[in-house]
Amino acid sequence: PPGSKLACVDVDDEHGGYLAGARLFAAGWRRIAFVSGPATERATRRRHRGLLRALYETPGGRLVESSYGDWTLESGHAQAAELLRRRTRPEAFFAANDLLALGVARACAAAGLRPGRALGLIGYDDIESVALADPPISSVAQPKAEIGAAAARQLISLIRGESPGRQLQLKPRLVIRRSCGRSAAAESTS
């Protein structure tokens with residue numbers, strides 16, 4: 001973890017949350033809900049903090065609700081279904097992982113709402129299933145190959161008795177698909 005003396009490879013989850021929030025706000029969504037796993041987990045806190053940073057930079061932006069459960073599709077469905085029943089429902093969702101995003105998409109479909117048109121949706125991790133969803137779900141992609149290569153280099157250094165180097169924090173990137181935008185340009189990007 002950042003700040004420790006151990007060598008590690010990490011992803012800047014706060015930056016990932018910021019990318020998701022900034023994209024949803026750029027698409028014109030203003031009432032955003034954050035759906036996540038346990039509130040006590042570091043990834044949850046960092047992704048939420050990034051979303052809040054994007055929110056504070058957006059005139060009229062508003063976090064409708066932060067909802068916590070576990071990291072499953074079922075939890076995403078239950079959290080989103082509850083949020084969609086409220087009088088002031090979210091215009092968009094940022095799900096802190098892609099299984100949650102798939103659950104959010106199911107809850108939206110059950111409510112007759114299509115992500116990308118009736119509301120925005122972005123997940124996190126860019127697992128294969130979100131690209132195959134209907135509509136394809138935008139997601140913050142972790143640099144998996146870079147993480148593996150950097151971790152392998154650090155391990156080889158340790159095995160050789162060398163210093164494994166410093167802590168390394170990699171930047172995620174946003175993969176834009178049809179679920180996050182109102183505009184024709186956003187709808188045609190997959």
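Contact means heavy atoms within 4.5 Å. Keep that in mind for each stop below.

This is a predicted model, in which local features need pLDDT of at least 70, side-chain atom pairs count only at pLDDT 80 or more, and totals for chains, interfaces and linings use all residues. Residues are numbered from 1 along each chain as its sequence is written, and side-chain values use heavy atoms, with hydrogens and water left out.

**Stop 1: R173**

Select R173. Not counting residues up to four places away in sequence, R173 touches L19, S139, V140 and A141. R173 is found in strand β8 (residues 173-175). Strands (E, at least two residues) and helices (H or I, at least four) are DSSP runs, numbered from the N terminus. Is R173 buried or exposed? It counts as exposed, at 53% relative accessibility. The cut-offs are under 20% relative accessible area for buried and over 50% for exposed, with partly exposed in between (1.4 Å probe, protein chains only). The C-alpha atoms of R173 and G16 are separated by 7.0 Å, though the two are 157 residues apart along the chain.

**Stop 2: D13**

Move to D13, in helix α1 (residues 13-26). D13 is buried, with a relative accessible area of 7%. Which side chain does the side chain of D13 meet in a polar contact? That of R47, at 3.1 Å. A polar contact is a pair of N or O atoms within 3.5 Å; within protein, one must be able to donate a hydrogen and the other to accept it, and residues adjacent in sequence count only if both atoms are side-chain atoms. Leaving aside neighbours within four places in sequence, D13 is in contact with A43, R46, R47 and Y124.

**Stop 3: strand β2**

Select residues 31-36, strand β2. Five of its six residues are buried, so β2 is largely enclosed by the rest of the structure. Six bridges join β2 to strand β3 (residues 62-68), and the two run parallel. Strands pair if DSSP finds at least two bridges between them. Show R31: its bridge partner in β3 is R62. On another pairing, four bridges join β2 to strand β4 (residues 92-95), also parallel. There, V35 stands opposite A95.

**Stop 4: the largest nonpolar core**

A nonpolar core is a set of buried Ala, Val, Leu, Ile, Met, Phe, Trp, Tyr and Cys residues joined through side-chain atoms within 4.5 Å. The largest has 22 residues; L84, F93, V104, C108, L121 and I137 touch the most other members. Helix α4 gives the most to this core, with seven residues.
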